[in-house]
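Let's take a walk through a protein model, one spot at a time. Keep the sequence and the 3D view handy as you read.

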Amino acid sequence: MADEGDNSYTINTPGNGQLNGADTGPQIALISQYVKDLSFENPNAPACYQWPDQPQIDVQFNIGADRVGEEVLEVTLKIDVKAIAPEGTAFAVDLLYAALFGMRNVPEDQVQPFMLAEAPRLIFPFARRVLADAIRDGGFPPLLLDPIDFGALYLQQAQAMEQTAGEPAGHA
């Protein structure tokens, strides 16, 4: 816009909320990812390599998120795997895989969905590889976990929390 006697102009750009070059748009970046804890147990070696039965594989996982700085959050993916045959435990693996994410200008209502759904989806393939390598290095065929739909799991958990939030105490 310009007035006849005015030489100043205002430039409007769509969605631009920047002042003096300040970046006010939401940003999320993966800073680093790492093995925080890894345990492999092969309690019945070498006998377990002779067992005739295939072990049953039990996989449990859990997701955690912690703020470790003003704009830095850590997401942890805990995966526990046990292979149990009729003769005993073939192996047990506990993996705590983590990643640091930098977040700036992200609306507070979007932080939890990102940290509990999208962030685990991003780091899961790397945790899966670490787990498969540890099992292979323990003398067993590598276990390749199927992909997990963390978004759907997050939505299920959020819906379950909403349903129980309205119920009187002592009724589940």
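## Glu74, a charged residue tucked away

Start with Glu74, which you'll find in strand 3, the stretch covering residues 72-85. Keep in mind that the whole thing is a predicted model. Is Glu74 buried or exposed? Its relative accessible area is 8%, and the cut-off for buried is under 20%, so Glu74 counts as buried.

What does Glu74 meet in there? Setting aside residues up to four places away in sequence, Glu74 touches Tyr34, Lys36, Gly64, Ala65, Asp66, Val68, Ala98, Ala99 and Leu100. With one of these, Tyr34, Glu74 also makes a side-chain polar contact of 2.4 Å.

## The largest nonpolar core

Now look at the largest nonpolar core, which has 32 residues. Which of them touch the most other members? They are Ile79, Phe91, Phe101, Met115 and Leu131. Strand 3, strand 4 (88-104) and helix 1 (108-137) are the elements that each give two or more residues to this core. Helix 1 supplies the largest share, with 10 residues.

Take Met115 as an example. Not counting residues up to four places away in sequence, Met115 is in touch with Ile63, Ala65, Leu73, Val75, Phe101, Met103 and Pro120.

Next stop: strand 2, which runs over residues 56-67 and holds Gln60. With a relative accessibility of 45%, Gln60 counts as partly exposed.

Gln60 and Asp80 sit 20 residues apart in sequence, yet their C-alpha atoms are 5.1 Å apart in space. Leaving aside neighbours within four places in sequence, Gln60 is in contact with Lys78, Ile79 and Asp80. You've already met Ile79, one of the core residues that touch the most other members. The side chain of Gln60 also makes a polar contact of 3.1 Å with the side chain of Asp58.

## Helix 1 and its kink

Helix 1 is 30 residues long and spans 42 Å from its first C-alpha to its last. That is close to the 44 Å expected at 1.5 Å a residue. Where does helix 1 kink? The kink is centred on Phe114 and comes to about 45 degrees. Just after the helix ends, Gly139 has a positive phi of about 95 degrees.

## Aromatic pairs

How many aromatic pairs turn up in the whole structure? There are six. One of them is a stacked pair formed by Phe40 and Phe91, with 6.0 Å from centre to centre and 20 degrees between the planes. This pair links distant parts of the chain: Phe40 belongs to strand 1 (residues 27-41), Phe91 belongs to strand 4, and they are 51 residues apart. Phe40 is partly exposed at 28% relative accessible area, whereas Phe91 is buried at 5%.

Phe91 has another aromatic partner, Phe140, in a tilted pair with 4.9 Å centre to centre and 50 degrees between the planes. Phe91 is in strand 4 and Phe140 is in the loop between helix 1 and helix 2 (150-165), so this pair ties together parts that lie 49 residues apart in sequence. Phe140 is buried, with a relative accessibility of 13%.

Technical notes: Residues numbered from 1 in each chain as written. Predicted model: local features only at pLDDT ≥ 70, side-chain atom pairs only at ≥ 80, totals over all residues. Heavy atoms only, no water. Helix = DSSP H or I, 4+ residues; strand = E, 2+ residues; numbered from the N terminus. Buried < 20%, exposed > 50% of the residue type's maximum accessible area, 1.4 Å probe, protein only. Polar contact = N/O pair within 3.5 Å; in protein donor to acceptor, adjacent residues only side chain to side chain. Contact = heavy atoms within 4.5 Å. Core = buried A, V, L, I, M, F, W, Y, C linked by side-chain atoms within 4.5 Å. Expected span 1.5 Å × (residues − 1). Bend = angle between axes of the 7 residues up to and from the residue. Phe/Tyr/Trp six-rings, centres within 6.5 Å; stacked < 30°, edge-to-face > 60°.
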